[in-house]
Amino acid sequence: MANVTVIGAQWGDEGKGKIVDWLSERADVVARFQGGHNAGHTLVVGEKVYKLSLLPSGIVRGTLSVIGNGVVLDPWHFRDEVAKLTGQGVSITPDNLQIAETCPLILPFHRDLDGLREDASGAGKIGTTRRGIGPAYEDKVGRRAIRVCDLAHLDDLGPQLDRLTAHHDALRAGFGEPPIDRAALMAELTEIADFILPFVKPVWLTLNRAKAAGKRILFEGAQGTLLDIDHGTYPFVTSSNTVAGTAASGTGLGPNAAGFVLGIVKAYTTRVGSGPFPTELEDATGQRLGERGHEFGTVTGRKRRCGWFDAVLVRQSIAVSGVTGIALTKLDVLDGFDTLNICVGYKIGDQTYDYLPAHAQDQAKAQPIYETIEGWHDTTAGARSWADLPAQAIKYIRRIEELIGCPVTLVSTSPEREDTILVRDPFAD
């Protein structure tokens, strides 16, 4: 049986949480491999709604869940999220949740720096969630991060704190802020360490043993491919690699472990925050998509920008992530439209493109070239088989497959986990 890697193939918010939850019942391990608590996954299980941002979605099902080394971990948020889910009846213990020893920590001054930079950026705002994700990744790459394993060796932290404060105190001074209070930071780390350390394990070893035993591993990505630090719409991106290849480096398994790569794709397009969005609809149609799709961020509550399906960008995401098949979500949001547009290319000045150029100014000027397809007026909501779908909805799906060059594996027709049409079983490949 294959492992499965789930990634977003747009700008995030594609509905990964439901799909991972749906798949996790058949997985032995679910592993998060990048990002932090800037992610937002909503799971609807019966009458209960669970909102996760750091914990792997498998935890709701009791599946062994792993936070890999590619994740940046805010230990205080972790404690709060565990407490919230425990209050909803979810059992979370070191037996079903593990944190990689080498995860970098998001610390209070990372959040401070994130907000200070964003406030000072004027027209250059990125649209960050202000949760310290970017600054924590910077410290990781700068080799000055405090990591989860350091919580067990706080008495030895002095040299690392010297490196860390030498960097951050200079930045803080530039914003008119006082230096880091080292004594207060040490007190906070000492206080949180006892809660975090029971969950800390050599996750790479856990996963390699699971792989050797033939167990099914489900790798869970956060954000989306178009927010990838290398392949996304830079600089309006996140601070980690969101592509499927990161499943290996972000967990400690080799690249052959990724298995079936499932790209999650909305039947239309949304984006949160700043950055280019060629198919954005700033009219009644965009408003209708947002209202019907309940397009507000799980983490920030920010209203999402909405637009038509962009086959060019999804095709690009499929290429850079090696996607095997896609899960098409929120098809029911398109019920009732007379016609639907699909972006099949861009016009930038006098040139036509079948991909999105890398430079931000070119991206901002890209005008969509649309293909119009007939809509449908019967409902797709709650459909669980092809026979339940209107003929024109099936035509829409088939046209998307042709344009992106990738088959549809799953179709989601509501937030309910069982309202899913299985076309091809990812775990069977």
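Ser317 is found in helix α10, residues 311–321. Helices here are DSSP runs of H or I with at least four residues, strands are E runs of at least two, and both are numbered from the N terminus. This is a predicted model, where local features need pLDDT of at least 70, side-chain atom pairs count only at pLDDT 80 or more, and totals for chains, interfaces and linings use all residues. Residues are numbered from 1 along each chain as its sequence is written, and side-chain values use heavy atoms, with hydrogens and water left out.

Back to Ser317: its relative accessible area is 1%, so it counts as buried. Buried means under 20% relative accessible area, exposed means over 50%, and partly exposed is in between (1.4 Å probe, protein chains only). Skipping neighbours within four places in sequence, Ser317 is in contact with Ala9, Thr225, Leu226 and Val323; contact means heavy atoms within 4.5 Å.

Now the nonpolar cores, which are sets of buried Ala, Val, Leu, Ile, Met, Phe, Trp, Tyr and Cys residues joined through side-chain atoms within 4.5 Å. The largest has 88 residues, and Phe78, Leu189 and Tyr396 touch the most other members. Its top contributor is helix α12 (residues 391–404), with 6 residues. Phe78, leaving aside neighbours within four places in sequence, is in contact with residues including Leu54, Ile67, Leu97, Phe195 and Phe199. A separate core of 15 residues includes Val6, Ala27, Phe260 and Ala327.

On to the strands. An open sheet of 10 strands runs in the order β7-β6-β5-β2-β8-β1-β9-β13-β17-β18, with mixed pairing. Two strands pair if DSSP finds at least two bridges between them. At the edges sit β7 (200–201) and β18 (420–422), each pairing on one side only. Strands β1 (residues 4–8) and β9 (residues 260–266) run parallel and are joined by 5 bridges. Val4 has Phe260 as its bridge partner in β9.

Some whole-protein values:

| Item | Value |
|---|---|
| Secondary structure | 12 helices and 18 strands |
| C-alpha span along principal axes | about 65 × 50 × 40 Å |
| Buried residues | 55% of the 429 residues |
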